[in-house]
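Q: I have a model open and want to go through it residue by residue, then as a whole. Can you take my questions as they come?

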Amino acid sequence: MKTNVRKITNLALLTAMALAISLIEHYIPLPIPIPGAKLGLSNIVLLVSLYFYGLKAGIAIGILKSFLLVLATGMVTSFFFSAMGAILATISMYISLKFLDKSLSFIGVSEIGAFFHNFGQILVAAFVMGNIKMYYYFPLLVFIGTFSGFFVGLSSNYIIKHMEKIGISKYDGNKED
């Protein structure tokens with residue numbers, strides 16, 4: 001029972017951190033005028049949660065963060081962009097962590113997540129706009145996502161090492177997921 005309470009508390013804290021980071025990002029504009037481009041720093045929390053708690057927790061945090069961000073900002077349409085990006089990024093990072101953990105660093109895993117996050121957002125944009133030409137915008141988003149993916153992976157690496165140092169153990173795929 002103690003483990004469940006601790007896990008739920010940690011997941012709630014991770015969700016709150018993802019929301020706080022997203023809110024800060026929402027209100028601080030980037031110096032480059034590219035619609036929809038953000039640093040994606042809340043993906044640090046997604047990568048950390050995937051590493052320690054697995055796929056279900058990562059997806060739950062991503063969707064909850066997207067939903068709570070809508071409640072906080074009032075931008076309902078952004079939910080679909082945010083949620084689709086978070087779901088695809090989380091799934092791709094989970095697969096990378098599970099099957100490529102020996103050959104990829106957290107930076108590589110984060111780069112894959114950034115790619116799929118952008119892909120999910122372009123999928124939603126093409127659907128909402130009803131225009132396949134939205135995919136022309138994808139290479140620009142991937143280029144920008146490369147830099148943010150690097151920073152997210154680097155930050156996640158330091159955070160995960162510190163969390164392990166203070167006694168938080170890694171997620172075990174044999175446990176409930």
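Q: Where is the place of His 162?
A: His 162 is in helix H6, residues 138-165. Helices here are DSSP runs of H or I with at least four residues, strands are E runs of at least two, and both are numbered from the N terminus. This is a predicted model, so local features need pLDDT of at least 70 and side-chain atom pairs count only at pLDDT 80 or more, while totals for chains, interfaces and linings use all residues. Residues are numbered from 1 along each chain as its sequence is written, and side-chain values use heavy atoms, with hydrogens and water left out.

Q: How does His 162 count by relative accessibility?
A: As partly exposed, because its relative accessibility is 46%. Buried means under 20% relative accessible area, exposed over 50%, and partly exposed in between, with a 1.4 Å probe and protein chains only.

Q: How far apart are the C-alpha atoms of His 162 and Val 48?
A: They are separated by 11 Å, and the two residues are 114 apart along the chain.

Q: Staying in H6, is Gly 153 buried or exposed?
A: Gly 153, also in helix H6, counts as buried, at 0% relative accessibility.

Q: And what does Gly 153 touch?
A: Leaving out residues up to four places away in sequence, Gly 153 touches Phe 106, Ile 107 and Ser 110. Contact means heavy atoms within 4.5 Å.

Q: Which residues of H4 are buried?
A: Ser 82, Ala 83, Gly 85, Ala 86, Ala 89, Thr 90, Ser 92, Met 93, Tyr 94, Ser 96 and Leu 97. Their cover includes helix H2 (43-53), helix H3 (55-73) and helix H5 (106-129).

Q: What span should H4 have, at 1.5 Å a residue?
A: The 23 residues of H4 (residues 77-99) should span 33 Å, and the end C-alpha atoms are 34 Å apart, which agrees. The expected span is 1.5 Å times one less than the number of residues.

Q: How far does H5 reach?
A: H5 has 24 residues and reaches 34 Å from first to last C-alpha, close to the 34 Å expected. After H5 comes Gly 130, with a positive phi near 65°.

Q: What about Ile 28, buried or exposed?
A: Ile 28 is exposed, with a relative accessible area of 53%. Ile 28 lies in the loop between H1 and H2. The C-alpha atoms of Ile 28 and Lys 38 are separated by 9.5 Å, and these residues are 10 apart along the chain.

Q: Now the whole thing. How many helices and strands does the protein have?
A: Six helices and zero strands. The radius of gyration is 16 Å, close to the 16 Å from the globule rule for 177 residues, so the protein is as compact as a globular protein of that length. That radius is taken over C-alpha atoms, and the rule is 2.2 Å times the number of residues to the power 0.38.

Q: How much of the protein counts as buried?
A: 42% of the 177 residues.
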